[in-house]
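Try each task before you read its solution.

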Amino acid sequence: MFTPKYPPQDTAPPATATARSVHTPAPVQPSAPPPVPVAPASNRPTVQLTPGSALALAAGGGAVVLVVGAVLVSLLLAVAITGVSVAVVAVVLRLLIKDLHKH
């Protein structure tokens, strides 16, 4: 069950000896330079930004930054207010317990 499954080996017929397989040098011919590879054309549409759409994109990005910043600042303010209120409650409880021990 856990044994690896290997793909079958290529079963190419053995090469037979021919008159060309003997080490005879091939005639030297001038070689042409290799062809330059050409990048395939993309099927995706290209995005073209006009000045108006670039301005709208910048304004939208700025609005997103402002909204995210306002949310983060309000969360930080809520944490700070909660911390201060817990500290005030702790001081009041400490004073009440101290007052109980005196009497």
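**Exercise 1.** Decide whether Ser85 is buried, partly exposed or exposed.

*Solution.* Start with the classes: buried means under 20% relative accessible area, exposed means over 50%, and partly exposed lies in between (1.4 Å probe, protein chains only). Next, take the value for Ser85, which is 38%. Ser85 is therefore partly exposed.

A note before you go on: this is a predicted model, where local features need pLDDT of at least 70, side-chain atom pairs count only at pLDDT 80 or more, and totals for chains, interfaces and linings use all residues. Residues are numbered from 1 along each chain as its sequence is written, and side-chain values use heavy atoms, leaving out hydrogens and water.

**Exercise 2.** Find the backbone oxygen that the side chain of Ser85 reaches.

*Solution.* Then follow its side chain to the backbone oxygen of Thr82, at 2.8 Å.

**Exercise 3.** How many helices and strands does the chain have, and what share of its residues counts as buried?

*Solution.* Count the elements: 1 helix and 0 strands (E, at least two residues). Then check burial: of the 103 residues, 0% count as buried.

Notes: Polar contact = N/O pair within 3.5 Å; in protein donor to acceptor, adjacent residues only side chain to side chain. Helix = DSSP H or I, 4+ residues; strand = E, 2+ residues; numbered from the N terminus.
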